[in-house]
Amino acid sequence: MEKRYIGIDLHRNRFTCCIRLENGRTYLSEWALKDLDRFVKKLRASDEVAVEITSNTRLFYDAVAPHVSRVVVVDTNQFRVISQSVKKTDPNDARLLSLYLSKGLLPEVRMKDKQHGQLASLTQTRHAGETTQCAEEQGE
C-alpha cells in the first residue's frame, strides 16, 4: 500500500486536508470538526500527518495519533513557507504541509503530554484574565 502524507490546515470548526501520495498526486477535502471520527476511520497505520498548531490541535492530535505512524505538529510562525506565503489559502497551506512532510522538512513542535497541556492551558487562561483585569483597572 502506498504511503500517504497528509497536510491539515486546522480551524476552530473545520479543517482542510491534503493527501499526497508518494507519486506526487494530491487530493483535497474539507471536513467539519464534528466529523473528526469519520475522518479518523479513513486513516491508515502507515500515514504521516502534519497539522498546524492552533487552540484545538490537542483534540485533533489525540484523535489521530493512535491511527497513524506519525503526527507532526507545526508552528507556522517557524515555517516561513506558510507564514509568508503569497497564496495564503487553506488548500494551499494543506498542500504545502503535505509536500514538506513528504520531504522531511517540517519544523516539528513537541506536543506536551495531556496533563502538561491542561496545566499550560489553565495558566494561559489565568494570565489572560489577569491581563484583562489590569487593563480594566487602568481604565483601558
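**Exercise 1.** Locate D47 and list its contacts.

Solution. 
- Step 1: D47 sits in the loop between α1 and β4; helices (H or I, at least four residues) and strands (E, at least two) are DSSP runs, numbered from the N terminus.
- Step 2: D47 has a relative accessible area of 0%, so it is buried (under 20% relative accessible area; exposed is over 50%, partly exposed in between; 1.4 Å probe, protein chains only).
- Step 3: Set aside neighbours within four places in sequence; D47 then contacts R4, I6, V68, S69 and R70 (heavy atoms within 4.5 Å).
- Step 4: The side chains of D47 and R4 make a polar contact at 2.7 Å (N or O atoms within 3.5 Å; within protein, one must be able to donate a hydrogen and the other to accept it, and residues adjacent in sequence count only if both atoms are side-chain atoms).

The model is predicted: local features need pLDDT of at least 70, side-chain atom pairs pLDDT 80 or more, while totals for chains, interfaces and linings use all residues. Residues are numbered from 1 along each chain as its sequence is written, and side-chain values use heavy atoms, without hydrogens and water.

**Exercise 2.** Find the buried residues of α2 and their packing partners.

Solution. 
- Step 1: In α2 (residues 57–64), T57, F60 and V64 are buried.
- Step 2: They lie on the same side of α2, because their arc around the axis is only 70° (taken from the directions from the helix axis to the C-beta atoms).
- Step 3: These buried residues pack against β1 (4–10), β2 (14–21), α1 (36–41), β4 (48–52) and β5 (70–74).
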